[in-house]
Each structure stands twice: as structure tokens, then as C-alpha cells.
Amino acid sequence: MTHSATESTHRSGTRRSGTDRDGSHPDSNGQDTTGSNQSQGPRPLRIRILGPMEISGQGEDRTPSAPMARRLLAALLLHANEQVRTSTLIDELWDGEPPRLARKTIQTYVYQLRKPPHPAVVGTGAGGIGERVETCPNGYRIRLAPDELDLWQFERHLARARVDLGDGDPESAARRLRVGLALWRGDAFADIETGPALAARVAQLADARLGAVELRVEADLRLGRHHRLMGELRQLTADHPLNEEFAAQFMLAAYRSGQRGTALETFGQLRRDLVDELGIEPSHRLQRLQRDVLNEAPALDLAPDRATAVRATDAQAAPAAPEAPGMPAAVLPVTPVIAQLPADTPDFVGRRAELARIVTHAKSGSDPLLTAPQVVTVLGQAGSGKSTVTVRAAHLLREHFADGQFHVRLHDENDRPTDPAAALRSLLRDIGMRVYELPDQVDELARIFRSWSADRSLLLVLDDAYGPEQVLPLLPGGSLSAVLVTSRVRLPGLPGAANVELGPMETDDAVELLASLAGADRVGADVDAARQTVRLTGNLALGVRAVGEKLAARRMWSVTELAARLAPENHRLAELGSGSLDVLGRLAGACARLAEPDSQALAGLAGAGAVPFDIPRAARTLAMDTWAAELLVGRLLDHHVVEIAESAPGAATVYRIPELLRLVAQTHAHARDMADAELRLMSGTPLRAGQAAVPCFTSVLSTTA
């Protein structure tokens, strides 16, 4: 679109009484709405077409609402300050199939544009777009000033940037291009139904926008910002796999960043795409660039004076960010730093050694030889405080991961595992990507997330993972990030992951937590009873918190009375279940996540009492051989529903079920036996002697294959 200084000068409209020559309606005073208020001239407008069409003036929205009038206005804006013939408008609006009274209908749409934007506004000085529409012989013209249309502003920034780059001033060019690209809020005329001319022009504008991105990347490369361009160029080459310019820029940025392998792989991927899609080879320019990368040609290096300037300023330079939230999928959105960590627990107690290990492992990603993110798994039984400890560690690590901290729950509110694809879509939505444009396949989603995160320093907390298959697609790219994963089950198959196990709390720490909840004076008055109370919960963090909250709510009780109420096993779960924390539900959920044979086996072992057991004893209790019992106990260990009680070289390992979990498993075993007994009575089948004590585990071996 061209516009000269003469074209952009406003001409005053002419007043006419009666009906306008094109048949459009005059205002209530018999004056045409295009020509009034000559002494002041038309009011300034701000017209935005680089995205949904928006028109504003004098602080008010002036955008027409009628769909066909908007289409007519779009056609006029494409040729602002030029006459558009009525026949051209008819072709654009109806694409060869106009109505019988097409010219009269066009006049109606012009009238809709010329109407005051609000009913309360009368006269033609209201500052609407209609006062700019002029009637010409056989057509119409819209008059705009140079600064009123965002497209013209973008074109000026682009033209001046080209001059700056040609004059050897990439800093000014990059700055102008960023300003120009920030004007885009989406595809041009995004909310307008396009006819043939508008569709062709929108495609041209999309190419111009992409060309501006290419030019801005070129300016940034000349400025030595190759490290900061890596993530953006990964996404650009992925979204435009046949674009040789982006591929060449990515190859150069990767080479200058010391990643020759990435540069060569980019060429290889481009060649495969070109051969598969178009049946052609990369251009000679790209082939020459590949040879230069292989030979480490000095011509690819940054100019010495520019490299010195980059080293001097890189520490304080702002990262090269993508342009604007409305950019297409090729250009990643600008988002504020994500900070999703849950609130830290103010009465956090103990776990100093575990915290130190988590923080140390997560920070070890600073090793220059590492090329993958650091992964730390925090493992333990339900209610052991995994999430609390991990969130505390994440807050301690925040300052080391300045590009963002994410928190993802890997089970939903119904305790169903979260699909990795759904988790990835949530992450990509949070960073500003449009969900409806994302692919469905988990591998494709993971690729996009890795590309975006490769050169960022991120901290991810993945809470309550069900298995490694959930975690692997969510791992970020590059080596600058860290991932903290909590799980009730061991997670084999996470390469390089550091494991931190959370066992029961130390008794002194548990008593301190109890005192922080119920009051130091009350707990300090009977420390022995407090120690007995926490031991009755198995020193489980969730259980200690539950009894602490209950003691705080029962001001009339002493700690000794609470311990006495918890002592009977048949009362303990009821006492713990009456507070705000669902101890029973959490522990029952741990049992429910087991395979059915393993759940039955756990119930059988729990039914044998609180006595610890070795493998031969477990085999006798469950009526199976020791090999099968050893495999089964191993699976229960992996799920943290069984723990090691004693282990010494040369001696048999002794196991136990955590205290509260044992009581829950007993309750479920009793409920299952009662249901089985009721079913047998209803069917007339006699009960077997000893049935409730020893369940049948014929299906246990089915999960060991």
C-alpha cells in the first residue's frame, strides 16, 4: 500500500442538502455526514488492522459492528487515500455472485459507516470513521493521515530498519523492527471475512511480517546475540520447515554457540523436508553453509570488534524476546516470568538433610559438561510430606531459575493420573501459546516444549507422578533447568535422576511440629506423652499434623488424654479422621493405586498384626513360595506401602507396614471379607474356616511375569 504526502492530506467534504449523489442518507439537518466541521478538520483516529480490526478516536471505540459494513471498510482501508471503484467493492463483497441491487446495497453499507458511532452523538464532528469516507465518481475513497493506520507505521519501521542495516547500524535496525513487529496482534484483519482481494492482501502482509522477523534475527545475529536466539530459531524452523532463511540463521546461531551438531542436524532436517515435500535439494547457499560448518570456516565467526562488544555488554543485556502476544505460532509469545509455586509452609519443621540433598542435586546443572536438565525424585509413602518438602526446596531454588517456575499436578481431584499430553498443553498454554493451534500427539507437544525451554533456566515441580511415562515427556530441553518430581512409587527409567527418600519424621522433629500446631506450652508440659502421640501416628507427617490440629481444636484435652484416645487401634483412624485433614482418604488412596493382587497381599500382611516380617514369614502368611513372596514384597517396597525395619550385612532383611497404613489396610481387608461373607450367605455357599484370616492369593503371580 502506497501513500504520498499529498495523498495523506485531508480534503474537506462538501455539504449538500437532500439525498447524497450516491443515494446515501443525509443527517437530520439535511447535511451530508462527510463534510461538516470543516474549520476543525476530521478528528484524529487510531486504526488497527494488524490483528482484529479496531478503530478508536477521542478515547472511544469507533469500530463498526455491522459485518458487511466492516468488510466494505476493510476493502477501503486496503486502498486508503485512493479511489476504489464500486465494481471492485461488489466483487470483493460477493465474489462474482452479487445481489440484484448490489449498488444500492453498497450505498446502505456506506450509510452504516457514516452513522454516528453512538446514538447520543449527533453531527459529523464525532470523530467516527464515517466522516473520512468520500463519494467519488463510480466509487469511494477513505482519507487517512500518515500516523493513523498501524500498517503504515509498520511499513515505515521496516523500511527504515532496512536502511539502518545497510548503513551498518544493526542496533537501530533491531530496535525499529521490534517496535514495528509489536504492532501486530494476530493475522491482519483477523475478524473480517475475506473476499478474493482481501485474502490475497492478507497473505502478502503475512509474508511481510515474516520477512520482518527474518530481518530482526539478522540484526540480532550481527549484534552477537546468537545464544539468546537459539530457542526462538528452534521454534521458527519447526513452524516453517521449508524456510531456508530461518534454517540458515539457526545454523549460524548454533555454530557460533558452539553447537556444530545442532547446526548440521538443522541442515539435514531441512534437506529431508525439501526432498519429501518438494522433491528438491537445499539451495547452493545452504549447501555452502553446511560445508563451512563442517570445515569450521573462520568466515562464520563473529567479527572481532563485535565479539568484544558482546562480551562487554552481555551480562547486563536484556534477552532477545519474541515480539508480541499476537505473533503467529512461528514466533513465541512474550509472557511475564511464570511463578506457579504453591505457598511455602510457614511451620515447616525438620528434613534438613533431605532439603540439602534436593537443593544440591538441582543446582548441579551448572556443570558445563552436562547437556540435560537435572532431575530429582522425592519419594515416600502417602502423607510423608513429599510435596511440602519439595515446595520448600523449590522456594530455596527460585533465584537460581530466573526464567520461570512451574508446578504441575500429575493426578486429578479424583486421583486419576493426568495424561502427559494434557499436562503439556497446560504448560504451553501458560507460556502464552494458543491451545487450539497445538497438536494432539504427546511427542509433538513435548518437542515444542523442549524447543521453547532449551535455552531457558526453568524449575519444574511435578507433583505426585504415577510413573516415568508421565514424567519423560515433561522434561525441558537443554541443561539449564531442573525438575523436582514427587511420587509414591519408584520411578525407574529417568536417566541421571537423583533419588531422595522421605521416611518417617524424626521423633524430635515430629514433637516440634506438634508443638507448633497445638502450642509449645501444652506440649512442653508432657513431652513423654507428646512423643508417644507422634509414635502412634508412625511419625507420619500427615498424621502428626492431623493430631496437632485436633489438639489445637480441643483446648480441654491434655496431650496425655490425646495419647490415651489414640492408643486403641480400633479408635485411632476415627480420631485422625475427624479433623480437616483426610488421613484415612489419603492412605486408602495409596492402597487403591496398587494392582488388585498386591492390594490383597498388603491386606493379608496387615491382618497378621504389627509384628515385622521377613520374606519366609510373608510367604507363610500369604500361602505362596518365597520367590513369589520376595517379588511381591519388592513391589510393595517400590510403592512405599512397606518399609525396611532392619537390614544388616549377612542377616535377613526385616520389613514392616507403616503404622497408619497397616490400620487402613486392615480395615479394607475386614470390609472385603465381610462383603465376601455376605455374598456367600446370599448364594447359600458355606463359609470356609479361617477365611477372613488368610485371603486367597492365587492371582499374585500374574503381576510378576
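I started with the contact of H24 and H26: Asp598, Ala601 and Leu605 in H24 meet Leu632, Arg635 and Leu636 in H26. I took contact as heavy atoms within 4.5 Å. By class I found four nonpolar, no polar and two charged residues in the contact of H24 with H26. Here Ala, Val, Leu, Ile, Met, Phe, Trp, Tyr, Cys and Pro count as nonpolar, Asp, Glu, Lys and Arg as charged, and the others, Gly among them, as polar.

The model is predicted: local features need pLDDT of at least 70, side-chain atom pairs count only at pLDDT 80 or more, and totals for chains, interfaces and linings use all residues. Residues are numbered from 1 along each chain as its sequence is written, and side-chain values use heavy atoms, with hydrogens and water left out.

Next, the geometry. The axes of H24 (residues 596-607) and H26 (residues 626-638) come within 11 Å and cross at roughly 95 degrees. H24 and H26 are therefore roughly perpendicular to each other. Angles of 65 to 115 degrees count as roughly perpendicular. Axes are lines fitted to C-alpha atoms, for helices over the stretch in contact, and angles run from 0 to 180 degrees between N-to-C directions. Helices (H or I, at least four residues) and strands (E, at least two) are DSSP runs, numbered from the N terminus.

I then checked another pair. The axes of H2 (residues 86-94) and H3 (residues 102-114) cross at roughly 90 degrees and come within 10 Å. H2 supplies Thr86, Leu89, Ile90, Leu93 and Trp94 to the contact, and H3 supplies Ala102, Arg103, Thr105, Ile106 and Tyr109. I sorted the residues of this contact into seven nonpolar, two polar and one charged.

What is the strand order of the open sheet of six strands? I read E7-E9-E10-E11-E8-E12, with parallel pairing. Two strands pair if DSSP finds at least two bridges between them. E7 (338-339) and E12 (498-502) stand at the edges with a single partner strand each, so one side of each has no neighbour in the sheet. E8 (residues 374-380) and E12 run parallel, joined by five bridges. Val376 is opposite Ala498 in E12. Helix H13 (residues 386-397) packs on the sheet and touches E8, E10 (459-465), E11 (482-487) and E12. The direction of H13 makes about 170 degrees with that of E11.

Last, the cysteines. I found zero disulfides in the whole structure, a disulfide being a pair of cysteine sulfur atoms within 2.5 Å. Cys136 is buried at 7% relative accessibility. Cys591 is buried too, at 6%. Buried means under 20% relative accessible area (1.4 Å probe, protein chains only).

Key:
Parallel < 35°, antiparallel > 145°, perpendicular 65-115°, else oblique. Buried < 20%, exposed > 50% of the residue type's maximum accessible area, 1.4 Å probe, protein only.
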